[in-house]
Amino acid sequence: MINSQAQTTMGQPLNGPTTTNVGTVGPTSKVYPMQQQPPSHSQHAQNSNFVQHWGATNGNSTTSSRTSSPALGSNGMPNTAPPPSQLAPPLSGLWGTNAIDLLQNRHILPTDRVTPPAIHLVNPMQNSVNCNPDIFRCTLTKIPETAALLQKSRLPLGLLIHPFRDLNNLPVISCNTIVRCKSCRTYINPFVFFSDSKKWQCNLCYRTNDLPEEFQYDPVTKTYGDPSRRPEIKSSTIEFIAPSEYMLRPPQPAIYLFLLDVSSLAQQSGYLHTVCNTLMEHLDTLPGDARTQVGFIAFNSAIHFYNISEEYNQPHEVTVLDVDDVFLPYPDNLLVNLKECKELIKDLLKQLPKRFEHTHDTHSALGAALQVAYKLMSASGGRVTVFQTCLPNHGPGALQSREDPNNRSSKEVAHLGPATDFYKRLALECSGQQIAVDLFLLNSQYCDLATISGISKFSGGCMHHIPLYSESKPQLVKTLRKSLERYLTRKIGFEAVMRVRCTRGLTIHTFHGNFFVRSTDLLSLPNVNPDAGFGMQITYEESLTKVKTVCFQAALLYTSSKAERRIRVHTLCIPVTESLSEVMHSADSQCIVGLLSKMAVDRSVTSSLSDARDAFINTTIDIISAYRLVQNLAQTSSKLMVPENLRLLPLYILALLKHPAFRTGTSTRLDDRVFAMCEMKSLPLDQLVRYIYPDFYVLDCLFVTGSSGYIDDGHKLEPPRLQLSAEKLDSRSMFLLDCGPYMYIYIGSNVASSIVQDILGYNSVAEIPDFCIELPARQTEASQTLLNFLEMLNEEKPYSSYVQVIRDTSQFRSMLVEKFVDDRNPNSLSYYEFLQHLSTQIK
């Protein structure tokens, strides 16, 4: 047993101090060579229509005033067209003819996966060494040489990056000297120019630098010679083991503190059983070394500390009742060495689920628990993991419900921003001490995620949300277990900072993601994880008429769980063009949608949800209008022409308008909407696209007699993808809807009984239970082929999806059909109706 002893006892700006506790990745401002003149004011021109739709930006959040938008009709679409775009005359000599009329080609989703447009550099030899688009991606694969040219295209210019992505073949270098530009501090990379064997020219600021003699040594062949043989020159993604000059203090140990909500609602949900069991199973696989420490704090109306010292033969609990002035009851032993105290930790985890089951305490002092976590970890830094099931309603940071359940389908959504800056201010204090706070929200009632999410957003943390969680719902238990297993065992970087540099002439003016902007271009990330993505908007400082390519470089400095200081560097190179047609044909529709979704979240919070929805539509209209002038089409043309590379843009925009983050007219819980917006800001692009527009497959080809899941050339067989419409359903077929964390397998009523028997063990479709979340591994060819396909899909995800089988007469059929965003519903247009609407608005 646990021994118990009672003791009775948006205000901060986004730009903070420019110093860092752990070293920096480079200078805090761009340094130009002496001959480089300061940029003229005229080069600061933005895409004026784009700014009008999305608002001017500054820092890491949109700070726009509300702009006028077309009035919304009953279907949620604007009734009037925006003013005609002021575009340049059409260019002659079009680059390529790959255009498509969307009104005549409604089924435009490719049956295989969508691949990003290729980047074609001036030097073809460099194409193979450019950065992987899964890591670093730009909205354009050809950069306009001037801001005016970008404005004519009406396209957004920005970057999406997945800097800490899990990689199998990452070159790691340990060297005495890391070669960097003396002026702008860019790391040497495949796109620098070697004037001779002893000098190199920076590809960002163009300064010529001396090359250290050590760099001429090739660690692979162990010989001196051509510097281009070095790994830094052969790979755009590379990791350095940093020397001592990159440290301002010894690397911190891995420290994990768990804050557990034990209020009455938490006891009713039963989440502690799953969390404690999963923790026990993975204590040995937590990232770290011999110094790894863990601690546990429970909270309801009081704070419950656990002394897990070796002095005791069992965990010792101390309760602090005064939450308005919290203190640490012990100077030490609240964080203990994992290896030395593993058995006591397991004892505690076995007892915690039952410890509070009879204490009917409805209060939750989350703010006080976070304050003591800060006091406990401020000397070292680390990771705080919070499990929360109800509205924090007691002590510091106490909140009151702001949601009106009768107003969940309103077009004007209130309370998307925080009710208090308590959690944001505490997050900034945590960030300054290298503490990140992660949040698992397992609520059955409104929790005001719009407010409490600030503790994670500004401390570099992450969030998981499983609404209506109950231990009696096996699908939710599976989801929590899978996500928690991934969370506990994935790679982690501590006390990290990231800086993104651009070629001279470009600069970053807005960041998106979970972080704190420590200086103009330095992101503070107390923790960085492999499932976090970031976005940046780019603007011009001067024209690029004298350069053929531009480069972007992201450098992430972090401490590994093994206490090594490391620097991961990604470099992306993109050609420059003077042709508007080439700009239009170079656009990356998925990357554009990823960036627009992040901007729309900012617009929803700072202005209104309806403004964000209007901006989606107006931006799409402007882009198509710009291309119409490039094509020199008559204004009376009935065609809806787009470059082939942008054919999916209207489809994705409609999906965003119907997504829980931005939809109106459909009942949406406020916490669900806010979490969806948080995901828009922080998901890597591959996960974000699936979140916006799930993958829908027809599985018939897997069950052809003699099929083993492979085609003749040895490649795995992949069923074709379909657009998200109920018209694709067939009673004789099986379908798979892949939403990321979960999948639905839909079985038509006339699917062959032999296939149902082979896969599920039932004699017919009618025998399949209404609620079925088990997909057994049967010793049949059909079962193995299906499971192989699911495994292939799961390989690209942070953790494997849970699968729910739905027969076509099941009550759960609506869970599948609600994802069919191509179809009309009472509150929004079908995809084809949306195209027609766009066509009427384009002038």
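A salt bridge is defined here as a side-chain nitrogen of Lys or Arg lying within 4 Å of a carboxyl oxygen of Asp or Glu. The model is predicted, so that local features need pLDDT of at least 70 and side-chain atom pairs count only at pLDDT 80 or more, whereas totals for chains, interfaces and linings use all residues. Residues are numbered from 1 along each chain as its sequence is written, and side-chain values use heavy atoms, with hydrogens and water left out.

Under the salt-bridge criterion, the count is 36. One of these pairs joins Glu232 to Arg230, with the closest N and O atoms 2.9 Å apart. Both Glu232 and Arg230 are buried, a class that means under 20% relative accessible area, with exposed meaning over 50% and partly exposed in between (1.4 Å probe, protein chains only).

Arg137 and Asp588 meet through their side chains at 2.6 Å, N to O. Arg137 belongs to strand 5 (residues 136-138), while Asp588 lies in the loop between helix 12 (580-585) and helix 13 (589-606), 451 residues apart. Helices (H or I, at least four residues) and strands (E, at least two) are DSSP runs numbered from the N terminus. Arg137 is buried at 8% relative accessible area, and Asp588 is buried at 3%.

A further salt bridge pairs Asp686 with Arg165 at 3.5 Å, N to O. Asp686 sits in helix 17 (residues 685-692) and Arg165 in the loop between strand 7 (158-161) and strand 8 (172-174), a separation of 521 residues. Asp686 is partly exposed, at 28% relative accessibility.

Finally, a network of salt bridges links Arg113, Arg690, Asp695, Glu718, Arg721, Asp738, Glu796 and Lys797.
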